[in-house]
Amino acid sequence: PDLAALRRAVASGAAVPDEVVVAFPGDPVASGEVPGRAHDTVARGLALLQEFLAEDLPASARLVFVTHGAVAVDGDVTDLAGSTLWGLVRSAQAEHPGRFAIVDVDQDPASRAMLGAALAGRWPEMAIRGGQTYAPRLARARASTAPEPDFNHHTVLITGGTGALGALVARHLAERYPASHLLLTSRHGLDAPGAHQLREQITTTGPQVTITACDTSDPETLTELLTAIPASHPLTAVIHTAGVLQDATLTSLTPQQLNTVLRPKVDAAWHLHQLTQDLPLSAFVLFSSIAGLTGSPGQANYAAANTFLDALAHHRHTHG
């Protein structure tokens, strides 16, 4: 039932298992509970990883996370909260090679029956669908067929707009769409370093620029921000660049550091999704990081936040 029971069993002479499997049942995407469940899921995952590393077990023993609908092979991502575990475990794998694995399984009984054989291959990550095992591979990206967005005389919201990435995007849009209205948010608004200069630089190229303080991870504050956008310049695009770094190795990472990094990415992205999903947007852009895919050492919290963004983008795309 838990790692403490495993410890007692081994101490009593039981054989050390090659694979210690922990199931995360997965919850369907629903309402505003998603950010809370994502935080809880990552916190539970981190505690298990740290406890497992603290156990006196042979290096050959692996802790295996089993998720349900947390990644896509074909079809939707149905467990957005569980998607965070994939970035978390990938970073754990980068720091402790061979000690962790993660598998996503659908509800087909044939997939559950395949789990043992799939784990025997010692792959670091897999998905099992209809009794078939899949592993990620690099593939050449196809050219986008999306229509060119029309930002003219409309409002483009850029979260984290006074940060390095947000400012870069804002300058690019100002040059590309000089008739647009740019709404840049950050935690400190115009009090952020360089915010006044950024507004002056962009304004000289044509767009109207508003820089305001807004905690986009707070749905009430975000609702007020979106409601205040004038009907004469309606919101046409959301570009989410906000993010925070609090790097730490896996064994020293704290729940507080998890929450600090998850909030501006997971919470804010979900609230932006919910509050704008019925608007006729021409673009909804999430800036993710390759850390979520490759598992950057020392960035388990950041990787977890970014795999959530990847899953949310896929979820939105699946639903049109």
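The second largest pocket here has a volume of about 420 Å³ (the space filled by probe spheres set on grid points joined across faces, edges and corners). A pocket is an open set of points on a 1 Å grid over the protein atoms alone where a 1.4 Å probe fits, with protein on both sides within 12 Å along at least five of seven lines; lining residues have an atom within 4 Å of a point. This is a predicted model, in which local features need pLDDT of at least 70, side-chain atom pairs count only at pLDDT 80 or more, and totals for chains, interfaces and linings use all residues. Residues are numbered from 1 along each chain as its sequence is written, and side-chain values use heavy atoms, leaving out hydrogens and water.

**The pocket**
- Its lining has 24 residues, with Ser186, Arg187, Ala242, Gly243 and Val244 nearest the centre.
- Helix 5 (164-176), strand 7 (181-186) and helix 8 (255-276) each give two or more residues to this lining (helices, H or I, at least four residues, and strands, E, at least two, are DSSP runs numbered from the N terminus).

- Five strands form an open sheet in the order 8-7-6-9-10, with parallel pairing (two strands pair if DSSP finds at least two bridges between them).
- Strand 8 (208-213) and strand 10 (283-286) each have a single partner strand, so one side of each lacks a neighbour in the sheet.
- Strand 9 (235-240) pairs with strand 10 over 4 bridges, and Ile239 has Val285 as its bridge partner.

**Helices on the sheet**
- Helix 5 lies across strand 6 (155-159), strand 7 and strand 9, at about 160° to strand 6 (axes are lines fitted to C-alpha atoms, for helices over the stretch in contact, with angles from 0 to 180 degrees between N-to-C directions).
- Helix 6 (195-203) packs on the sheet, touching strand 7 and strand 8 (contact means heavy atoms within 4.5 Å).
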